[in-house]
Amino acid sequence: MGSGRTISLAGPSVLFTYMIIGFFLFFVMRAMGELLLHNLEYKSFVDFSADILGPTMGYFLGWSYWFCWVVIGIADIVAITGYTQFWWPDIPLWLPGLACIAFLLIFNLLSAKLFGELEFWFALVKIVAIVALIGVGAYLLFSGFVGPTGEKASLTHLWDRGGMFPNGITGFFAAFQIAIFAFVGIELVGTASAETADPAKNLPKAINKIPIRVIVFYVLALTAIMTVTPWDIVAPNKSPFVNMFLLIGVGAAAAIINFVVLTSALSSANSGMFSTGRMLYGLSKNKLAPEAFSQLSRNGTPRNGLIYSCALLLSSLFLLYAEGDVMRVFTIVTTVASICFIFVWAVILITYLQYRRIRPEAHATSTYKMPFAIPMCYLTLVFFAFALYLFSQEEETLIGLMATPFWFLALFICLPFYKKRMKKDLALGLAAQSVR
């Protein structure tokens, strides 16, 4: 959904946008990798941040990460509404979203095993579709395809329409917001690998493949689109993956690709809901969330957390009707998610810097050291600060930037209540030990 807007803003320079973001986030993942392997008891960045920076940071980080996935779910539902309009332009805005939310709730209340099986196939569909898109783009390029507008597929489209930076440096920077959102969830590469049978082998393997994935799934895919359909023809409010097949006159293929991106958005929202229910469960177990969220259903699923998270997704319907413009709502919501994820990534780097200061012996014996560690931590933090500045330069992103602090204010207001619960739990634990 967002790639059409990034292309229209930055032109061919959008390729550099994705490479730059991928470059900095690779170092965030390397920092996370060293921290996770430093202590195999850690299962996620929330664990090592709470251990090294204190439980208060664990509280802010855990709840913010839950909030991130709720916001992503809202963005996904907005995107799903846009995708369904491909087939039914006059469909009521509330109908696709409500059907999606009901599906997410019912599906996630089932067993985790079924979720994992279906999610595997969802992911496979996405990967096959992107690889197929790259292959089709390469075929059209080398066969000299001419589109309905008379434009011949050519690599020269990357520079013959105003150069690589047709909208100047301003347009290039404007694309960063949506492009950053394309990377949210990258930290799951590390945390999922950390829970495998052999994290010392699988974690470095997963993280080291990130640059290859960035090249294939972002750079090559967008290059294929812009060589077949010049950047200034790509519609900013539609998925260019679908639009490319429309321009070459393959209506059935466009419908198939629209179905693929629809299932991709549904898969993303589904994964988010799977994560949020378990995050609330973990927070509740650590006395950082209401006790009701620690209750499991007969199937072993965190029922109350799932119902609560899905209920919050209903706000997407109100946003759609308040704005009426799917792409505008998508941009505002993804800005909020991007800012919260920047907070998560920044905390990972800050934790790493503190780890280097207080545990130098652990770094010295590490088998997976972060390269250029200290300088790259500070340089990446500067990049994140610059990204936040860029969000203030566009109307839609500015709205998201101004709304996000209210989330952290709400967390701060609730903090004393949870600190009281943690102290009470600690006191009970010490009393039980003294009795024994």
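Residue I169 is found in helix α7, residues 168-174. Helices here are DSSP runs of H or I with at least four residues, strands are runs of E with at least two, and both are numbered from the N terminus. I169 counts as partly exposed because its relative accessibility is 48%; buried means under 20% relative accessible area, exposed means over 50%, and partly exposed lies in between (1.4 Å probe, protein chains only). This is a predicted model, in which local features need pLDDT of at least 70 and side-chain atom pairs count only at pLDDT 80 or more, while totals for chains, interfaces and linings use all residues. Residues are numbered from 1 along each chain as its sequence is written, and side-chain values use heavy atoms, with hydrogens and water left out.

**Surface patches**

- I169 belongs to a nonpolar surface patch of about 480 Å², together with F16, M19, F165, I215 and L220. Patches are made of residues with over 30% relative accessible area and no salt bridge, with like charges joined within 9 Å and nonpolar side chains (Val, Leu, Ile, Met, Phe, Trp, Tyr) within 5 Å.
- Helices α2 (14-38) and α11 (210-228) are the elements that give two or more residues to the nonpolar patch. Accessible areas come from the Shrake-Rupley method with a 1.4 Å probe, and for residues only the protein chains shown count as cover.
- K201, K205, K209 and R213 form a positive surface patch. Lys and Arg count as positive and Asp and Glu as negative, whereas His and the chain ends are not counted; the place of a charge is taken as NZ of Lys, CZ of Arg, CG of Asp or CD of Glu.
- K205 has its place in helix α10, residues 199-208, and counts as partly exposed because its relative accessibility is 46%.

**Helix α19**

- The buried residues of helix α19 (residues 395-403) are E396, T397 and G400.
- These residues cover an arc of only 95 degrees around the axis, so they lie on the same side of α19. The arc is that of the directions from the helix axis to the C-beta atoms.
- On the other side of α19, E395 and M402 are exposed.

**Salt bridges**

- The whole structure holds 4 salt bridges, each being a side-chain nitrogen of Lys or Arg within 4 Å of a carboxyl oxygen of Asp or Glu.
- E396 forms a salt bridge with R5, with 3.7 Å between the closest N and O atoms. E396 lies in helix α19 and R5 in helix α1 (residues 3-10), so the pair ties together parts that are 391 residues apart in sequence. Both E396 and R5 are buried.
- R359 forms a salt bridge with D51, with 3.3 Å between the closest N and O atoms. R359 is in the loop between α16 (326-358) and α17 (360-364), D51 is in helix α3 (residues 45-53), and the two are 308 residues apart. D51 is partly exposed, at 40% relative accessibility.
- The side chains of R161 and D232 meet in a salt bridge of 2.9 Å, N to O. R161 is in the loop between α6 (112-142) and α7, D232 is in the loop between α11 and α12 (240-247), and the two are 71 residues apart. D232 is partly exposed, with a relative accessible area of 42%.
- Salt bridges that share partners join E151, R161 and D232 into one network.

**Backbone at F372**

- Most residues other than glycine have a negative phi.
- F372 has a positive phi, near 50 degrees.
- F372 lies in the loop between α17 and α18 (373-391) and counts as exposed, at 62% relative accessibility.
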